[in-house]
Amino acid sequence: MPQRDTSAQNTLGLLREIRGLMAGEEKVQARLDKFVDVIAAKMDVDVASIYLQRRGGRLELCATRGLDPAAVHTTLLNSGEGLVGQVAYTARSLNLADAAGHPMFAYKPETGEDKFRSFLGVPMLRGGRTLGVLVIQTTDARIFNEDEVEALQTVAMILAEIAIEDERAADKAGKLRGIRLSLDSPESYSGKAFSAGLVYGKAHLHVPPMLAGALIAEDPDAEEARIEDGITRLRADVDMLVSGDAANLSRASKEIFESYRMFAYDRKWVDRLREAVHSGLTAEAATERVRNEHRARLQKARDPYLRARLHDLEDLANRMLRILSGEKSSGAKIAMPENAVLLARDLGPAELLDYDSTKLRGIVLEEGSPSSHTAIICRALGLPLVGRVSGILDNVENGDVVLLDGETAEVNIRPLETVEDGFKLRMGARGELQKAFEALKGKPAVTKDGRSLSLQLNAGLLVDLPQIDRAGADGIGLFRTEFQFMVSEFMPRLEAQTDLYREAIVAAGDRPVTFRTLDLGGDKILPYSDPVPEENPALGWRSIRIALDRPGLMRYQLRALIAAGAGKYLRVMFPMVATVDEFIAAKALFNREVQRASRSGVELPHKIEVGVMMETPALAWSVNAICDHADFVSVGANDLMQFFFAADRDNARVSDRYDVLHPAALSIMRFIAQGCERHNIPVSVCGEIAGRPLEAMCLIALGYNNLSMSSTGIGPVKAAAMHLDAGKLREFIDPLISIHSRLNTVRDHVKEWCEQEGVPI
Ligand code: PEP
Ligand code: MG
């Protein structure tokens with residue numbers, strides 16, 4: 001451990017005095033005046049000044065020791081103007097022996113600063129923002145040494161936190177007029193709606209900010225030992241991630257972990273941590289400070305690569321904080337408002353389930369994807385989720401009002417009253433609509449022209465099961481068995497699999513449950529297995545292909561399914577089948593397991609049906625042949641459309657590029673439905689489109705009577721279908737999607753038709 005030298009001792013003394021001042025009850029101005037006095041005295045300089053940001057971004061001299069006191073609240077600088085403006089703009093310190101000689105120097109005569117030559121300005125950083133600038137000056141021309149720069153940066157960080165806390169407690173401490181350090185302007189963001197619903201709530205950050213009181217070390221030596229221990233443990237952690245230790249490899253790719261490792265071993269990063277702690281901060285505050293510095297700099301970067309590195313650094317800092325303080329750093333453990341909107345960069349399913357669901361109203365993520373587990377759980381719990389909202393975390397504070405719109409994918413922070421009022425009206429209207437859907441729950445879904453529909457639920461976890469009754473579903477049309485594997489830390493054992501399948505069957509009562517065998521690979525990676533690196537994972541060794549090459553896991557699963565279905569009706573289907581042969585091979589495996597169970601005297605299901613998921617264009621084209629072997633067909637439109645349009649469903653740049661209501665897409669859907677009908681094989685759709693009313697009306701018109709969707713889709717689809725003359729819509733759509741069609745989509749046409757026909761979509 002480095003010896004604490006005189007300058008470090010001085011810094012500690014300075015921090016202690018500041019801590020003493022923090023405890024005081026003075027007004028904000030009196031406190032600032034005392035801070036500059038203490039800084040000037042302890043650092044032995046002629047000038048110490050605090051500039052804070054005003055509304056609109058200008059910097060105002062708010063306290064000084066050494067400059068002309070008359071300049072306080074008079075001297076103003078634009079961001080980027082003069083040396084102080086430069087420090088704020090670049091979020092970097094400026095250390096000059098001769099300030100006036102610098103090209104950015106802007107002389108402010110009212111300050112009387114012409115007699116001072118040296119200048120050290122450091123940004124007061126908090127989160128990714130610069131709240132102000134702390135400056136020291138001397139009459140002699142000198143460069144401040146590294147320790148002095150370090151000390152001033154530490155003080156600046158603490159002042160930033162104090163300033164924010166003071167401002168929040170403004171009633172007690174009095175405000176500085178015109179200064180607005182907390183974020184207060186309304187901000188509007190848009191992202192991608194991953195789970196529907198409207199929420200008015202209060203922001204709750206998944207990674208909470210630090211409190212000023214926790215910044216200064218009580219025992220600096222102990223903090224130095226903690227940071228060293230933290231660094232060692234962090235490195236061991238990251239090494240383990242990179243080497244792919246089975247128990248710890250999360251679903252994030254190795255490439256990301258490699259860059260974590262790069263930072264964890266980066267000498268500069270580690271040195272900054274050590275310096276920050278050496279200057280008297282707690283280990284947590286040091287981590288936070290180094291994070292702030294990187295954030296403020298990288299945020300200016302437009303380059304997506306650099307911005308991605310920023311995320312890596314954030315993750316690393318979060319990991320470090322977790323190591324330092326156990327799970328204390330998780331926002332889940334901190335008191336949450338009653339109507340909380342959780343904001344995070346990304347969120348794993350276990351982290352989400354850690355929160356008190358009675359208080360959680362909605363979620364906003366800077367990242368996320370619609371098929372992520374978190375998104376799926378949100379839909380199951382009816383929690384609105386907007387993802388891919390970039391940059392929001394830098395502009396939101398705990399407690400800010402948030403309007404979260406899971407339909408338009410908009411997020412408003414600190415909204416204007418008029419926006420808030422409009423939003424509340426929409427919430428009210430939506431509530432009415434929900435009531436109307438609720439009233440439909442017990443009623444059968446029959447179209448105006450007498451077609452009887454079955455609207456089922458997509459599920460996969462225990463948390464989904466109560467939705468069967470809540471949404472009034474006619475069964476579970478798609479049970480994604482891989483979810484249990486994805487959210488577990490270890491491979492679920494036979495009994496655990498059997499239990500879950502049995503619970504699903506019991507929850508459904510006399511309604512059918514269709515289990516899909518493990519659909520792994522692509523984006524669905526297990527936390528405990530090494531992903532095989534592939535150029536095109538979506539087109540790679542996945543799903544049924546793995547199952548047929550390494551049948552052990554599937555056999556095990558089929559055994560669990562057969563056991564869970566004892567004495568009941570069991571439906572099983574295979575995903576990602578591309579050729580009829582693959583289906584025949586998979587079905588043979590299943591039959592072998594049934595025979596095995598029968599031989600060992602196990603009670604069998606009273607009825608078994610084995611179906612296929614239609615998810616590849618090749619299989620769609622083989623609809624006649626597959627109907628000779630499958631008991632039923634379920635169209636996995638998410639995958640079918642991604643392969644049909646050659647557009648990765650998880651890549652935001654291309655996933656919305658093609659409309660599933662394109663005539664070509666509807667033609668293939670019609671082709672499949674007609675093929676199945678000819679062979680008298682039941683057919684359903686279980687991709688996301690089945691749960692969107694407009695798309696669902698088209699599917700019904702094309703001949704699909706069975707749709708499976710997330711719980712939130714059932715009410716709206718049923719309400720629309722009950723007003724639909726399916727035959728009439730078919731007559732309308734057929735000519736639009738003929739082989740002569742030149743349309744890119746029939747969306748607007750069908751929408752207009754529905755409006756005219758009174759179909760509420
Ligand atoms: C699909 O591909 O449409 C489907 C339902 O399966 P998943 O979304 O799980 O791939
Ligand atoms: Mg699929």
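User: Is arginine 430 buried, partly exposed or exposed?

Analyst: At 22% relative accessibility, arginine 430 counts as partly exposed. Keep in mind that this is a predicted model, where local features need pLDDT of at least 70 and side-chain atom pairs count only at pLDDT 80 or more, while totals for chains, interfaces and linings use all residues. As for bookkeeping, residues are numbered from 1 along each chain as its sequence is written, chains are lettered from A and ligands numbered from 1 in written order, and side-chain values use heavy atoms, leaving out hydrogens and water.

User: Which residue forms a salt bridge with arginine 430?

Analyst: The rule is a side-chain nitrogen of Lys or Arg within 4 Å of a carboxyl oxygen of Asp or Glu. Here the partner is glutamate 407, and the closest N and O atoms are 2.5 Å apart. Arginine 430 sits in helix α13 (residues 417-440) and glutamate 407 in the loop between β13 (401-405) and β14 (410-413), so the contact ties together parts 23 residues apart in sequence. Glutamate 407 is partly exposed too, with a relative accessible area of 40%. By this rule the count comes to 44 salt bridges.

User: What about arginine 291 and glutamate 288, are they buried or exposed?

Analyst: Both are buried. They form a salt bridge with the closest N and O atoms 3.0 Å apart. An α-helix has 3.6 residues a turn, so residues three or four places apart point the same way. Arginine 291 and glutamate 288 are 3 residues apart in helix α9 (residues 283-298), which means about one helical turn separates them. Helices here are DSSP runs of H or I with at least four residues, strands are runs of E with at least two, and both are numbered from the N terminus.

User: Which partner does lysine 441 have?

Analyst: Glutamate 438, with the closest N and O atoms 3.7 Å apart. Elsewhere, salt bridges that share partners join Glu482, Arg516, Asp519, Arg542, Asp639 and Arg649 into one network.

User: How does β18 pair with β19?

Analyst: Strands pair if DSSP finds at least two bridges between them. β18 and β19 run parallel over 7 bridges, with leucine 570 partnered by isoleucine 608 in β19. β18 also pairs in the parallel sense with β17 (residues 513-516), over 3 bridges, and there threonine 514 stands opposite arginine 571. Strand β18 (residues 569-577) is mostly covered, with 8 of its 9 residues buried.

Conventions
Buried < 20%, exposed > 50% of the residue type's maximum accessible area, 1.4 Å probe, protein only.
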